[in-house]
Amino acid sequence: MSPLVSIIMGSTSDLPVMEKACQFLEEMEIPFEVNALSAHRTPAEVSDFARNAASRGIKCIIAGAGMAAALPGVIAAETVVPVIGVPIKGSVLEGLDATFAIMQMPPGIPVATVAINGAQNAAILAMQILAQSDETLMQKLVAYKAGLKKKIVKANEDLAKLEYKFKC
Ligand code: RP5
């Protein structure tokens, strides 16, 4: 089995957040790999990874990093594989530092940025990219989204049972 999605993080201290992406891909039975690489501590390895990702069959990269989070952008600079960046909350700046670093890419080098610590959404977006050319994944995705709708329908049924004198 070869990975279709590559999950990269700047440090294993990012793992508690990035595991949400692993768990979602596992649940959806999408082959993935997970590694740590740092734009600042291992720049040569990051470059090798980015340059070889497409030829290795990787269809989407999820890159999470905190602080001066250069990792997603540096990867995007050397590949045409779509990169989704996850800003990690990991400093006194509460993840805003990583958000700005990941989001503010120059024209020509896009990184799709999800919410601070939004690793699950990164995995869902990766699945949406893969599903455009995979009918089985598309069906799973449609079922997943229908499940989200059911949750809100149920929430409204529960809210309807709340009893207040002035509730209309
Ligand atoms: C970033 O620096 C990593 O992505 C991590 O969020 C942060 C701190 O790394 P450690 O000092 O915990 O290894 O590059």
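I count a residue as buried under 20% relative accessible area, exposed over 50% and partly exposed in between, using a 1.4 Å probe and protein chains only. By that scale Lys154 is partly exposed, at 45% relative accessibility.

**Ground rules.** I am working on a predicted model, where local features need pLDDT of at least 70, side-chain atom pairs count only at pLDDT 80 or more, and totals for chains, interfaces and linings use all residues. I number residues from 1 along each chain as its sequence is written, and side-chain values use heavy atoms, with hydrogens and water left out.

**Entry 1: salt bridges.** I took a salt bridge to be a side-chain nitrogen of Lys or Arg within 4 Å of a carboxyl oxygen of Asp or Glu. Side chains of opposite charge can pair when their charged atoms come close. How many salt bridges does the whole structure hold? My search found 7.

I looked at Lys154 again. Its salt-bridge partner is Asp158, with the closest N and O atoms 3.0 Å apart. I read helices (H or I, at least four residues) and strands (E, at least two) as DSSP runs, numbered from the N terminus. Lys154 and Asp158 are about one helical turn apart, because they sit 4 residues from each other in helix H6 (residues 135-160). An α-helix has 3.6 residues a turn, so residues three or four places apart point the same way. Asp158 is partly exposed too, at 33% relative accessibility.

Next I noted a network: salt bridges with shared partners join Asp48, Arg51 and Glu78. Within it, Arg51 pairs with Glu78, the closest N and O atoms being 3.1 Å apart. This pair links distant parts of the chain. Arg51 is in helix H2, while Glu78 is in the loop between helix H3 (71-76) and strand S4 (83-88), 27 residues apart. Glu78 is partly exposed at 31% relative accessibility.

Then I checked Glu33 and Arg56. Their side chains form a salt bridge at 2.5 Å, N to O. Why does this pair tie together parts 23 residues apart in sequence? Because Glu33 lies in strand S2 (residues 32-36) and Arg56 in the loop between helix H2 (43-53) and strand S3 (60-66). Glu33 is buried at 15% relative accessibility, whereas Arg56 is partly exposed at 38%.

**Entry 2: aromatic rings.** I paired rings of Phe, Tyr and Trp (its six-membered ring) if their centres lie within 6.5 Å; planes under 30 degrees apart are stacked, over 60 edge-to-face, the rest tilted. I found 1 aromatic pair. The rings of Phe24 and Tyr144 have centres 5.2 Å apart and planes at 75 degrees, so they are edge-to-face. Phe24 is in helix H1 (residues 15-27) and Tyr144 in helix H6, 120 residues apart. Phe24 is buried at 2% relative accessibility, and Tyr144 is buried at 19%.

**Entry 3: helix H4.** Which residues of helix H4 (residues 96-103) are buried? I listed Asp97, Ala98, Thr99 and Ile102.

**Entry 4: the ligand.** Around the ligand I listed Gly10, Ser11, Ser13, Asp14, Arg41, Ala65, Gly66 and Met67 (each with a heavy atom within 4 Å). An N or O atom in the side chain of Ser13 is 2.7 Å from a ligand oxygen atom. For the side chain of Asp14, the distance to a ligand oxygen atom is 2.6 Å. Gly66 has a backbone N or O atom 3.1 Å from a ligand oxygen atom. Taken alone, the ligand exposes 360 Å², and the protein buries 72% of that (Shrake-Rupley method, 1.4 Å probe).

How values were computed:
A polar contact is a pair of N or O atoms within 3.5 Å; within protein, one must be able to donate a hydrogen and the other to accept it, and residues adjacent in sequence count only if both atoms are side-chain atoms.
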